[in-house]
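Let's take a walk through this protein together, from the overall fold down to single side chains. Please keep the model open beside you as you read.

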Amino acid sequence: MSADGMSDIRAAGWWSVERARPTERAVIGAPKRGRRPVDPMAAARPIVHDRSKGMCERCCAERATDMYPRQLRRHGDHQPANLADLCRTCHNWAHGNPAQARKAGFIVSGSVDPRTVPLEHGLYGRVRLDDKGGWELAA
């Protein structure tokens, strides 16, 4: 064995510099250093925020803090009709009360187009959202 204790291990091929270096990404799926993760809702955020005027679209009493996808992100798109601007309290309500949230249009099944499902808006009542940042009253 050599003085540093590693030469024999290196010679046997059990150790390599490549294996000894820490990886650039400590967490699987984390962005590489210097890169910001891509926000799939970036284009829709200002449109939805303009539609809500910065207020929660469910209670209309609190400032909207969360962009809430009505369909699960893996099923839905990131267009304004699929997004609701909610306060944290209403966002937590939607997750904690899925049956009521589904009835109010805040949860939409993956097989259904969210443009066809009315949302129970806190100020305007039942509305259908569109991708241009508008809405129309639903029957």
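First, some ground rules. This is a predicted model, in which local features need pLDDT of at least 70 and side-chain atom pairs count only at pLDDT 80 or more, while totals for chains, interfaces and linings use all residues. Residues are numbered from 1 along each chain as its sequence is written, and side-chain values use heavy atoms, with hydrogens and water left out.

Let's begin with the fold. The protein chain has 5 helices and 5 strands, where helices (H or I, at least four residues) and strands (E, at least two) are DSSP runs numbered from the N terminus. Along the sequence they come in the order α-α-α-β-β-α-α-β-β-β. Of the 139 residues in the protein chain, 32% are buried. Here, buried means under 20% relative accessible area, exposed means over 50%, and partly exposed is in between (1.4 Å probe, protein chains only). The protein chain exposes about 9,300 Å², and carbon and sulfur atoms supply 54% of that area. Such areas come from the Shrake-Rupley method with a 1.4 Å probe, and for residues only the protein chains shown count as cover. If we take contacts between residues at least 6 apart in sequence, 45% of them join residues at least 24 apart; contact means heavy atoms within 4.5 Å.

Now for the aromatic rings. How many aromatic pairs does a search of the whole structure find? There are 2. Rings of Phe, Tyr and Trp (its six-membered ring) pair if their centres lie within 6.5 Å; planes under 30 degrees apart count as stacked, over 60 as edge-to-face and the rest as tilted. Trp93 and Phe106 have ring centres 6.2 Å apart and planes at 90°, so this pair is edge-to-face. Because Trp93 belongs to helix α4 (residues 88-96) and Phe106 to the loop between α5 (98-103) and β3, the pair ties together parts 13 residues apart in sequence. Both partners are under cover: Trp93 is buried at 17% relative accessible area, and Phe106 is buried at 1%.

Tyr124 sits in the loop between β3 and β4 and Trp135 in strand β5 (residues 135-137), so the pair ties together parts 11 residues apart in sequence. Tyr124 is partly exposed at 40%, and Trp135 is partly exposed at 33%. Leu123, in the loop between β3 (119-121) and β4 (125-129), is exposed at 58%.

Charged side chains come next. The whole structure holds 7 salt bridges, each a side-chain nitrogen of Lys or Arg within 4 Å of a carboxyl oxygen of Asp or Glu. One of them joins Asp39 to Arg45 at 2.7 Å, N to O; Asp39 is partly exposed at 31%, as is Arg45 at 32%. Another joins Arg51 to Glu57 at 2.8 Å, and here both residues are buried. Glu57 is also in contact with Ser52, a buried residue at 7% in helix α3 (residues 45-52). Asp77, Asp113, Arg115 and Asp131 are linked in a salt-bridge network.

Finally, is Ala81 buried or exposed? Ala81 is buried, at 0% relative accessibility, in the loop between β1 (66-69) and β2 (83-86). Leaving out residues up to four places away in sequence, Ala81 touches Arg51, Arg70, Pro114, Arg115, Leu129, Asp130 and Asp131. The C-alpha atoms of Ala81 and Arg115 are 5.6 Å apart, although 34 residues separate them along the chain.
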